[in-house]
Amino acid sequence: MPGLGITFGRGGATTFQQDLQHSDCILIQGSNMAECHPVGFQWVMEAKARGAKVIHVDPRYTRTSAVADVYAPIRVGTDIAFLGGLIHYVLEHERYFRDYVVQYTNAATLIREGFQDTEDLEGLFSGYQPKDNRYDIHTWQYQGAAGAIPAAGHKELTDEPGAGGGGHDHRVDVHDEHRDETLQHPRCVFQLLKRHFSRYTPKVVSQVCGVDEALFLQVAQTLCDNSNPERTSAFCYAVGWTQHSVGVQYIRTAAILQLLLGNIGRPGGGILALRGHASIQGSTDIPTLYNLLPGYLPMPHAHATTEGLEHYIRNNKSGSGWWSEFPKYAVSLLKAWFGDKATKDNDYLFHHLPRLTGNHSHMQTVADMADGKLQGYFVMGENPAVGSMNGALQRKGLRQLDWLVVRDFTLIETAEFWRTAPEVQSGQVRPEDIQTEVFFFPAAAHTEKDGTFTNTQRLLQWHHKAVEPAGDTRSELHFTYHLGRKLRELYADSTDPKDAPLLDLTWDYPTHGPYAEPSAEAVLKEINGYTVADGKPVDGFTALKDDGSTVCGCWIYSGCFKDGVNQTARRKPGQEQTWVAPEWGWAWPANRRILYNRASADANGKPWSERKRYVWWDAGEKKWTGEDVPDFIADRPPEYRPPEGATGLATIAGNDPFLLQADGKGWLFAPSGMMDGPLPTHYEPMESVVPNPLYAQQCSPTREEWKRKDNPYHRAWGDPRYPYLVTTYRLTEHHTAGGMSRWLSWLSELQPEMFCEISPELAREKGLNNGDWCTIATARGDLECRALVTERIRPLKVKGRRVHQIGLPYHWGVTGRVRGEGANELTAFVADQNVDIQESKAFTADLRVGRMRSGERAAAGAAPPALTVPEVPRDVTPHTDHTEAQEPEGKG
Ligand SMILES: Nc1nc2c(c(=O)[nH]1)N[C@H]1C(S)=C(S)[C@@H](COP(=O)(O)OP(=O)(O)OC[C@H]3O[C@@H](n4cnc5c(=O)[nH]c(N)nc54)[C@H](O)[C@@H]3O)O[C@H]1N2
Ligand SMILES: Nc1nc2c(c(=O)[nH]1)N[C@H]1C(S)=C(S)[C@@H](COP(=O)(O)OP(=O)(O)OC[C@H]3O[C@@H](n4cnc5c(=O)[nH]c(N)nc54)[C@H](O)[C@@H]3O)O[C@H]1N2
Ligand SMILES: [Mo]
């Protein structure tokens, strides 16, 4: 989550759900929180009962909208304009929290002279390199600072200039002469911000987003009235924001706004990133992501194979701020993986780690698979034939494999793609031509195994096995451990250096029971870390060393097994402890519930107000104290200033609450770490119904495209074949791609069938009645469903034009108790380059009356209807195409 990470220093939610009760205003945008996060939503209702205002901004009126004080409809894909409009309002009406902004953000910092804004360059920033659709970030840097300032929060952007420390040993140079605390200098961040958002006026917001101007102003005023020393506002978002080609910048816009309003690190404030699957936060912390190692340490790159650990550390460590501790975390991780074999003399076996050779994200991997470049694929806990973009291209990939392993509860569509896929049913693909060997393993559910979930607020909670898994069903831990064990046995005699990483691994978890189930607690203990000499668990990451004397599987989780106690299994009832409930589970980092909480006190360490006190400096005890674990160096006084030439943790000043940042400040302006600009800018989605009302640049200049015959795109805007905007979303009764709900009779009965939500106006134009069959089509594929005609979705006026939006749930697939074709038969591969996340929340399509489905798919060879009007460009400077498919002969 680099939107948060780049701005604040860490990629996790800045607050916890229980703290929402203290908010004076809660803005929910990009999430249907009441239906998708109902348990956490109780705290929104608690706040409301205490008098807070709840605002919901969403293209559809949902159960969240129903209990909100203000509901504002919005055109999908335009949230940067909406939030940018709020920033404009805050600056224009001087509603920002001045002391907080001057002290705790980089507002006063001067940017280099060569910097040019989107205002100067038709929607581009200075440094754009059309030859590879990337930015050179040289001109975005702080004036007077040597080289690029390392970004803290998203270390995997190591290919980025400035993501690593680049070997600088000193505090980022933000001397007084390069700051203007009056915020007047034309090149200080504050003035750049003001200029950048100058055109996002209420009128323009209304024209871009289709929201009523008065309603927008009501949102702005409500938010500002509830953000000051006495009051705080919180933001909640989920995938209505992330799944766009500019999704990371949506979150950046919210982060900038919350910094300006002084709402970060304070009770009732913050940004709550509502995460999806039960442990999706856990699977970014200990990542399933291709470019990260545990604890957001970057995966090394292949071009650095000849370079050792020292080079990797030099490249990624920061001279100042908390990331100066990087070597301790890297070495302790290597010790966890390679044990006694890892020594100082052999670089702790750093050369055993896999290396990145390019983009290995999900969509790129599937594209490579479709091109016959992969032999085998493990699918564990995912149903990509339904849940991932361009379902037919997913299945084309699966057809080219030699083998496929699926571990799930039932035979989901991904396991049966060769038999049940729409392109098989339409006759485009014949099962007998597919040679992929599919191995299906039944998986144990969370009730059938021990382990932790890391929830949306970074909280690790232990779950105990309640029942034995039935039959051949086994846990992931069992499968992975025994697969590794058997592979090690097979290679035991090998002297081939390429097998050494496998053989050198520590792979010795104790097992128990009739099926030799590995101990999940032993894994957690390794994640926590311990001292090599005596095997004693460390108390936390501050105890880790870079000399090989400590082991730690994930530094940010260090402390979860403190004192040899499984801290994640603690369940002390709420009434027996404070409202923060520090003894319920364990939150990373260091069991802290609100991050950056030093910012809840002023520069002198005193609470900004009595009503909003949380963490403060105790001058008598000479330490930080309060409701939560202080997010600061415990005994560093507020008046501390780093001496000349300071390095490492000594560079963190007493008024630097964002202590993971190289300069200790919240980043209103991001000099590095973002691929698509230091400030958020409104671009239209890859497929839109209108030209960009703000800039000549139509789409994000750095968007990731896959221009292939099996992934055709529509015209950038105004494609006569596909005149409607579509968004996709969830229903209360189903879960994601359906593996956990479509096979259950109760849930299936509650939501039996795929449908589309359309407005009465669109229904009338089309001659559709509620419950009628209709067909939705894109160049990728088509589906049939029932029309749900409802006022919950309404046409919006965008620059005088009426724009219709169609809402589609995405849960159904072709098997299970209830069936229907999934929304991802329609979507395309297109992504935000920052994180490789797909644009599944905004694209265009056609709506036809009746059952007109062809079942044919572009990824199985069908050609979309010809475009009868000229193409329109997406870029002011021609985009270089690196992804033209070679379309080699498939194997299947
Ligand atoms: N019942 C249930 N709960 C779930 C899930 C489930 O499948 N079922 N899935 C879980 C998972 S994996 C996740 S990630 C979370 C997701 O949680 P949410 O993000 O809350 O869920 P969605 O329904 O995908 O989308 C949220 C809202 O975004 C809106 N939206 C779409 N496009 C835009 C846009 O451009 N701007 C704005 N402002 N809003 C937009 C949609 O109309 C929708 O109401 O839910 C989790 N919880
Ligand atoms: N159009 C569109 N597409 C989307 C989205 C959208 O909003 N719109 N949302 C996206 C989002 S946020 C998400 S998270 C994805 C979800 O997409 P997927 O992850 O592909 O879908 P799920 O159905 O959640 O798949 C999880 C599978 O894991 C299985 N499972 C559960 N527990 C276990 C276990 O312990 N072990 C094993 N081996 N299997 C287990 C379940 O039965 C299920 O089949 O979809 C994405 N796709
Ligand atoms: Mo998700």
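Predicted model: local features only at pLDDT ≥ 70, side-chain atom pairs only at ≥ 80, totals over all residues.
Helices here are DSSP runs of H or I with at least four residues, and strands are E runs with at least two, numbered from the N terminus. The nonpolar class is Ala, Val, Leu, Ile, Met, Phe, Trp, Tyr, Cys and Pro, the charged class is Asp, Glu, Lys and Arg, and the others, Gly among them, are polar.

The domain bounds, which come from an automatic or database domain assignment, are 2-116 + 187-273 for domain 1 and 704-860 for domain 2. Over C-alpha atoms, the centres of the two domains are 28 Å apart.

A word on conventions: residues are numbered from 1 along each chain as its sequence is written, while chains are lettered from A and ligands numbered from 1 in the order in which they are written. Local features need pLDDT of at least 70 and side-chain atom pairs count only at pLDDT 80 or more, whereas totals for chains, interfaces and linings use all residues.

Now to the ligand. Around ligand 1 there are 31 residues, of which Ser31, Ala238, Gly240, Gly276 and Tyr729 come nearest; a residue is near if its C-beta atom, placed from the backbone, lies within 6 Å. Domain 1 and domain 2 each give at least three residues to this shell. α2 gives the most, with three residues. The elements below each supply at least two residues of the shell.

| Element | Residues |
|---|---|
| α2 | 33-36 |
| α10 | 239-242 |
| β23 | 724-729 |

By class, the shell holds eleven nonpolar, 14 polar and six charged residues.

The largest nonpolar core has 230 residues, and Ile26, Leu334 and Ile776 have the most contacts inside it. Such a core is a set of buried Ala, Val, Leu, Ile, Met, Phe, Trp, Tyr and Cys residues joined through C-beta atoms within 7 Å; buried means 20 or more other C-beta atoms within 10 Å of a residue's own. This core also draws at least three residues from each of domain 1 and domain 2. Beyond its neighbours within four places in sequence, Ile776 is in contact with residues including Cys756, Leu783, Ile806 and Leu847.

Terms used: Buried ≥ 20, exposed ≤ 12 C-beta atoms within 10 Å, placed from the backbone. Contact = placed C-beta atoms within 7 Å.
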